[in-house]
Amino acid sequence: MENSLLLKSIEIRRSLLKTIYNANMGHTGSSLSNVDILVTLFYQVMNYKVKDPTWEERDRFILSKGHGVESYYCILADLGYFPEKELDTFCQFKTRLIGHPNNKVPGVEVNTGALGHGLSIAVGMALAAKLDKKGYRVFVVMGDGEQAEGSIWEGAMAASHYKLDNLIGIIDRNRLQITGNTEDIMSLEPFKEKWQSFGWKVIEVNGHDIDELLKAFNSTPKKKDKPTIIIANTVKGKGVSFMENKAAWHHKVPDKIQLEKALLELSSQEGDLGE
């Protein structure tokens, strides 16, 4: 299972790089870092129906760090929510595949991109599930730079107050934001303790280890009456050596030579997994 998900992650990375190159626009490093998290959720963990995107019992997913949308769109296309050919329209005139999640796209719950809002929306969805006595879970992926937004912590307080154990937050902890290292710009540490002090059960994982991610997701709720936060330690630009851990690739588009080099690296990783 883990091997097949890793192969899928490589496929999605290849797709998102081509999508960004074709559009000459996109958040390359941010999307590459969240791929393994989203692949694990969409191909193994979450409950949904592609042919019935508004199915009432579906698990809800929110990409609060909406700028990392390329991986999300590529996954939705791969699953069949819309034709893969539509990825060629990303960020083009009159497209619905705009540069942040757009709920006109099947499989997208809400528009996001103004950082800090996704968690509060997720709190509302999880609370609604409790009030309606529904069994679905709500997953929300946030960026670590996003944690400087005050509304994150308002949402965190509310989730704990309402005992939303059906809410799972995931933080793409790649330690880089557009202008540099998170600890230089607005220090988050002690990060785990902060979330614990807000009443959450905290799990820390390697955000590129599929097995660790699966164990974390499948063990939720980790504690009854408590929301869960998964701090997923990741690498910005993961999968492409010359993009990894480089803040400059937050919003940078590869040229033709860089794209070819990146695709070759991914093909090599695919070959290693197939051996």
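Modeller: A helix here is a DSSP run of H or I with at least four residues, and helices are numbered from the N terminus. The model is predicted.

Colleague: What follows helix H3?

Modeller: Gly-80 comes after H3, and its phi is positive, near 105°.

Colleague: How many residues of H3 are buried?

Modeller: A residue counts as buried when its relative accessible area is under 20%. In H3 (residues 69–79), nine of the eleven residues are buried, among them Tyr-72, Tyr-73 and Ile-75. The buried residues of H3 pack against helix H1 (2–23), helix H2 (28–45) and strand E1 (60–63).

Colleague: Which residues have the most contacts inside the largest nonpolar core?

Modeller: They are Leu-41, Phe-61, Ile-170 and Phe-217, in a core of 53 residues. H2 supplies the largest share of this core, with eight residues. A second, separate core has 26 residues, including Val-110 and Leu-167.

Colleague: Where does Arg-175 lie, and what is its phi?

Modeller: Most residues other than glycine have a negative phi. Arg-175, in the loop between strand E3 (167–173) and strand E4 (176–177), has a positive phi near 70°. Asp-225 also has a positive phi, of about 70°, although it is not a glycine; Asp-225 is in the loop between helix H8 (210–218) and strand E7 (228–233).

Colleague: Which residues does the cis peptide bond join?

Modeller: Most peptide bonds are trans. The cis bond joins Glu-189 and Pro-190, with omega about 0°. Pro-190 is in the loop between helix H6 (182–185) and helix H7 (191–197).

Notes. Residues are numbered from 1 along each chain as its sequence is written. This is a predicted model: local features need pLDDT of at least 70, side-chain atom pairs count only at pLDDT 80 or more; totals for chains, interfaces and linings use all residues. Side-chain values use heavy atoms; hydrogens and water are left out. Buried means under 20% relative accessible area, exposed over 50%, partly exposed in between (1.4 Å probe, protein chains only). Helices (H or I, at least four residues) and strands (E, at least two) are DSSP runs, numbered from the N terminus. Contact means heavy atoms within 4.5 Å. A nonpolar core is a set of buried Ala, Val, Leu, Ile, Met, Phe, Trp, Tyr and Cys residues joined through side-chain atoms within 4.5 Å.
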